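Please look over the following notes on charged side-chain pairs alongside the sequence and the model.

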Amino acid sequence: MSGGAAETGAGVVAVAGEALVDFVPAGGDGLFRAAPGGSPANVAVGLARLEVPTRLLARIADDLLGHRLRAHLDGNGVDLSFAVRAAEPTSLAIVAVGRDGGVEYDFRVEGTADWQWRDAEVAGALDGDVVALHAGSLALTMPPGADVLQRLLAGARQAMTVSYDPNCRPLLMGSPDAVRGRIEGLVALADVVKASADDLAWLLPGLAPEQVAESWLAKGPSVVVVTLGPAGLVVAARQAGVMRRPGRSVTVVDTVGAGDACMSALLAGLHRRDLLGASRRADLLAVDAATLQEVADEAVLAAAITCTRHGADPPTSADLRTALA
């Protein structure tokens with residue numbers, strides 16, 4: 001593994017985790033549309049649309065839905081050179097959208113492709129000019145592959161920036177007590193952590209977002225972000241302290257992929273400012289309040305734009321520039 005590209009402010013961001021299909025409501029009663037999804041895959045698409053060289057480490061099924069996933073990812077410029085062509089079927093998520101645009105998920109994941117990682121499948125996957133590795137969501141808690149990906153993150157820690165989003169899904173993760181230790185261990189491995197207020201309400205009930213952000217910073221990360229839905233987000237760093245950034249008022253279609261768009265924009269903002277890579281770890285640790293505020297506001301904007309669209313459809317760089325004009 002190398003982090004050499006950090007020396008030039010360029011370099012690849014690798015993303016590891018699930019690429020599944022969301023069945024999202026399609027207007028008529030009982031009608032659904034099959035849409036590409038999976039939090040890590042959404043983050044990879046978001047990064048590529050923000051002009052960050054992006055590599056996805058995923059186990060993508062060799063079935064009709066898997067072929068659609070590959071076409072979607074490839075069409076958005078995501079490098080699939082290290083994506084496994086898996087024999088198991090595609091994982092499915094069934095999405096229900098409430099009147100406020102909030103979403104609930106049901107899953108069909110027994111024996112599916114995303115969770116069957118073997119160590120040999122990730123060997124060499126971080127070679128080359130990789131400056132950061134992002135992972136999160138189900139693939140880091142679902143056996144048997146979760147341990148493989150956790151070892152990948154632990155091994156990458158000295159060579160590149162590591163980012164993590166727990167993206168908690170109670171239906172599949174069991175009780176908070178069952179996964180809290182694993183999640184906090186992953187927080188300690190990461191340089192950048194993003195979680196939602198819903199994640200924290202389930203995982204660490206009764207604690208304010210600022211309390212969790214400060215507690216997690218103390219475990220090792222340089223930057224911690226907690227998204228607050230329409231209220232914006234909390235962002236914390238060692239030197240910059242803890243700040244709240246406001247949300248943007250938009251007409252919400254649904255919130256599918258909004259957190260992933262936020263994660264993508266957060267990493268893209270750090271990438272653009274040359275703050276990713278092992279050689280930039282001290283700079284990221286010392287990031288100032290003005291820079292952090294700019295990056296956080298870009299992340300809020302990306303999430304807000306995604307909320308105005310059906311499904312996980314993150315903005316491009318041009319979309320962000322237009323919105324900021």
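1. Lysine 194 and aspartate 165 are both buried, a term that here means under 20% relative accessible area, with exposed meaning over 50% and partly exposed the range in between (1.4 Å probe, protein chains only). The two residues form a salt bridge whose closest N and O atoms are 3.1 Å apart, a salt bridge being a side-chain nitrogen of Lys or Arg within 4 Å of a carboxyl oxygen of Asp or Glu. Because lysine 194 belongs to strand E11 (residues 192–196) and aspartate 165 to strand E10 (residues 161–165), the pair ties together parts 29 residues apart in sequence; helices (H or I, at least four residues) and strands (E, at least two) are DSSP runs, numbered from the N terminus.

2. The model is predicted, with local features needing pLDDT of at least 70 and side-chain atom pairs counting only at pLDDT 80 or more, whereas totals for chains, interfaces and linings use all residues. Residues are numbered from 1 along each chain as its sequence is written, and side-chain values use heavy atoms, with hydrogens and water left out.

3. Aspartate 79 and arginine 55 also meet through their side chains in a salt bridge (4.0 Å, N to O). Since aspartate 79 sits in the loop between helix H2 (64–75) and strand E6 (84–86), and arginine 55 in strand E4 (residues 54–57), this pair ties together parts that are 24 residues apart in sequence. Arginine 55 is buried at 8% relative accessibility, while aspartate 79, at 28%, is partly exposed.

4. In total the structure holds 22 salt bridges, and Arg49, Arg309, Asp313 and Asp319 are linked in a network of them.
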